[in-house]
Amino acid sequence: MTAGIDVGHPQAQSIRSDEDVVRVRQLVRVVAVAVKLSLVDQTKVVTAASELARNTLVYGGGGRAEVTTVDNGRRRGVRIVFADSGPGIADLDLAFTDGYTTGGGLGLGLSGARRLVDEFQIETSAESGTQITVTKWSR
C-alpha cells in the first residue's frame with residue numbers, strides 16, 4: 001500500500017468533472033512513484049494522463065480511467081486505460097495532427113500524450129466510444 005492505494009491492483013477513477021481529472025493525475029503520480037519511475041518519467045506520464053483524462057471528460061462526455069502497475073520481467077511500469085462511451089473520434093489521422101483541435105485548445109492532446117509515453121493504443125468508434133491505453137516503463 002502506498003498512500004492508501006494498493007498499487008498491486010488496478011485502481012479505477014471515474015471522470016465526470018474537473019476534480020476527477022485532478023484525481024486521475026494524483027493517482028497516476030502515486031503509482032508512478034511506487035514503480036520507481038524517474039522524476040522526468042513521472043512528469044511525462046502524469047502529463048499524458050492529464051491530457052487524456054481531460055479529453056475523456058470534454059470529448060467523450062466523461063468515462064473512467066483504470067491505473068495499474070505492469071511488469072514485463074525486466075522493468076516495471078504504469079498502464080492507464082481511459083474509456084468513454086462518447087461519439088468516438090471520426091478522423092484519427094486528423095486528431096493526431098499537431099495543432100488540430102476541435103475545442104479551441106493547443107491541439108497537442110492526443111499527439112502530445114502519445115509522445116510522452118512508451119506505448120499508446122487507441123480504439124474508437126461511434127458505437128462504442130473511445131478506449132486509449134498508455135504505458136510508461138521504468139528506465
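## Salt bridges and a buried helix

Lys 136 is buried, at a relative accessible area of 2%. Keep in mind that this is a predicted model. The side chain of Lys 136 pairs with that of Asp 41 in a salt bridge, 3.6 Å from N to O. That pair links distant parts of the chain, with Asp 41 in helix α2 and Lys 136 in strand β5 (residues 129-137), 95 residues apart. Asp 41 is buried too, at 4% relative accessible area.

How many salt bridges does a search of the whole structure find? It turns up 8.

| Pair | N to O distance | Relative accessibility |
|---|---|---|
| Arg 23 – Asp 20 | 2.7 Å | Arg 23 39%, Asp 20 8% |
| Asp 41 – Lys 136 | 3.6 Å | Asp 41 4%, Lys 136 2% |
| Arg 79 – Glu 119 | 3.6 Å | Arg 79 26%, Glu 119 34% |

Arg 23 and Asp 20 sit 3 residues apart in helix α1 (residues 18-34), about one turn of the helix. Arg 79 is in strand β3 (residues 76-84) and Glu 119 in strand β4 (residues 119-125), so their bridge ties together parts 40 residues apart in sequence. Shared partners also join Asp 41, Asp 118, Lys 136 and Arg 139 into one salt-bridge network.

The C-alpha of Val 46 is 9.7 Å from that of Ala 113, 67 residues away along the chain. Ala 113 belongs to helix α4 (residues 109-116) and is buried, with a relative accessible area of 1%.

Key:
Residues are numbered from 1 along each chain as its sequence is written. This is a predicted model: local features need pLDDT of at least 70, side-chain atom pairs count only at pLDDT 80 or more; totals for chains, interfaces and linings use all residues. Side-chain values use heavy atoms; hydrogens and water are left out. Helices (H or I, at least four residues) and strands (E, at least two) are DSSP runs, numbered from the N terminus. Buried means under 20% relative accessible area, exposed over 50%, partly exposed in between (1.4 Å probe, protein chains only).
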